[in-house]
Amino acid sequence: MIDNPKISDEELARKVQNGDKPSFDSLVSRYSEKIFRYAKRFLYNPQDAEDATQDVFLKTYENIQSFNPKKRFSPWIYRVAHNTFINIIRKKKREKIQFIDLDTVLPHFVSHDYLEKEISDKFDVKKLEKDVKKLSPKYREIVILFFYEEKSYQEISDILKIPISTVGVRLKRAKERLKKETNE
Amino acid sequence: MNDVNKKIKEQIESKKIKMKSKSYYLALSILYFVSVIVVILFTLFLASFIFFALKSSGTNEFLAFGYAGLLPFFQSIPWLLILALIILILLVELFGKKIDLVSKKPLVYSLAAVIIVVVGFGAVFAETPIHNTLLDKAAENRLPLGKGMYEKYGSFRENDLIVAKIIEINDEFLLVESQENQFKVELSDELRKPDHVDLFVNQEIIIFGEINDDSIEAKGIKPFDGPKPRYRGKNIIIDIQRSKTKVNSI
């Protein structure tokens, strides 16, 4: 099936909800590269990443009736991907995932614009891909979403279900850790 | 990547993966909504019951007796109920996390909002006659669900708090009459009583101390203006102000 770029993701999702299976193929072709890239960097294992990508789309298909077409599809499918990847990390017990993150408990009174500018201007994380792998999942994921997937603070907040101020603070801390790694 | 796309297509076409229906999500939403309502109502009810129990059991009265009252105050607090309330509040918070508005704000804000609403509602609702009515029903064996809880936490503490009416005052002691007995209360210098309070005959007072036969070793006394004490297991509701003792059943 040839994907018609004029049709929005949300419209495609609505069509899938109404039983149009070929529309799901279009969604797969639009998002599979992105999700695979996200998985590869987050799980840093190509085989895991392939299986995880497959899982994400199967879950997306299975649960698509829970998607509200009035909302944006992209954060929704990235949320499905986030949950899938976190479950994989938990299952494989390679890394520790905290149930409650203290970053989301207290408010952070730092200007978002300042943080966004500060983080993106002075630091080229893309050159440090090897060091990104050494970050803990909560910092690694936010770096991937912001620097590699080029998601905004708002989008990351939608995907991870965390306050926008926490996105900024986590990115700032991730950057500091990366700096420390590169200096060592 | 084409390989992955192909595999996904195959899995869907082979019907190994089935799309969950709209009605499944509708049922799930209804279940979620009902659970939220039940948990919220139960949380509010428990909060109000704790406020009621603190008052009805006389626990709050300890605070009027200074440092001496602090230890029994903390010992009489229904910690188990408070723990249950904390768990319920966290459950409400967890339910709230499903809502974008809540999940995207720092936890401390939503938690503070939940606590303020629960505590505020609890304090106000505890003042309504509902809990007293339920406590009476529990005493009359007409409350199958919650009877134990009302009797355990709602009944007045008899061990170290005595509500009584003054029947005689002299320089050395007070003669008081409680629900069943008369006691002598020694008026020592150490006895704590609120300043500028004159005691008079027929006044209802609360005595903090221990009963030794027909006398009370009092650590403090103060006029009593709380709700009618309800005593556990005795099914007795007394109205000391009017000097009447009404025994429902024993």
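## How confident is the model?

Keep in mind that this is a predicted model. Its overall scores are an ipTM of 0.76 and a pTM of 0.79. For chain B, the pLDDT averages 84, and 90% of the residues score at least 70.

There's one stretch of chain B to treat with care: over residues 235–250, the pLDDT is below 50. That stretch still has 27 contacts in the model beyond near neighbours in sequence. Where pLDDT is low, though, the predicted coordinates should not be read in detail.

## Where the two chains meet

Chain B brings 22 residues into contact with 26 residues of chain A. On the chain B side, α1 (2–13), α2 (22–56) and α6 (107–125) each supply at least two residues. The largest share comes from α1(B), with 7 residues.

What kinds of residues does chain B use to touch chain A? They divide into 11 nonpolar, 4 polar and 7 charged.

## Two domains in chain A

Chain A is divided into domain 1 (9–92) and domain 2 (102–183). The contact between them takes 10 residues from domain 1 and 12 residues from domain 2.

On the domain 1 side, the elements giving two or more residues are α2 (21–43) and α4 (73–92) of chain A. Of these, α4(A) gives the most, with 5 residues. The domain 1 residues that touch domain 2 split into 6 nonpolar, 1 polar and 3 charged.

## A barrel in chain B

Now hop over to the strands of chain B. Five of them make a closed barrel, in the order β1-β2-β3-β5-β4, with mixed pairing. Ignoring direction, neighbouring strands are turned by 55° against each other on average.

Let's follow some of the pairings. Strand β1 (residues 161–169) of chain B pairs with strand β4 (residues 204–212) of chain B in the antiparallel sense, over 5 bridges. Here B:L161 stands opposite B:F208 in β4(B). β1(B) also runs antiparallel to β2(B), joined by 4 bridges, and B:I166 has B:V176 of β2(B) as its bridge partner. These two strands, β1(B) and β2(B), form a hairpin with 3 residues between them.

Next along, 5 bridges join β2(B) to strand β3 (residues 182–186) of chain B, again running antiparallel. B:E177 stands opposite B:Q182 in β3(B), and the hairpin from β2(B) to β3(B) passes through 4 residues.

Which residues of strand β2 (residues 173–177) of chain B lie on its covered face, and which on its uncovered one? The covered face has B:L174 and B:V176, while B:F173, B:L175 and B:E177 are on the uncovered face. In a regular strand the side chains alternate between the two faces of the sheet.

## A mostly covered helix in chain A

Last stop: helix α7 (residues 137–148) of chain A, which is mostly covered, with 9 of its 12 residues buried.

Key:
Residues are numbered from 1 along each chain as its sequence is written. Chains are lettered from A and ligands numbered from 1 in the order in which they are written. This is a predicted model: local features need pLDDT of at least 70, side-chain atom pairs count only at pLDDT 80 or more; totals for chains, interfaces and linings use all residues. Two residues are in contact if their C-beta atoms, placed from the backbone, lie within 7 Å. Ala, Val, Leu, Ile, Met, Phe, Trp, Tyr, Cys and Pro count as nonpolar, Asp, Glu, Lys and Arg as charged, and the others, Gly among them, as polar. pLDDT is the predictor's confidence in each residue, from 0 to 100. Domain bounds come from an automatic or database domain assignment. Two strands pair if DSSP finds at least two bridges between them. Axes are lines fitted to C-alpha atoms, for helices over the stretch in contact, and angles run from 0 to 180 degrees between N-to-C directions. A residue is buried if 20 or more other C-beta atoms lie within 10 Å of its own, exposed if 12 or fewer, and partly exposed in between; C-beta atoms are placed from the backbone.
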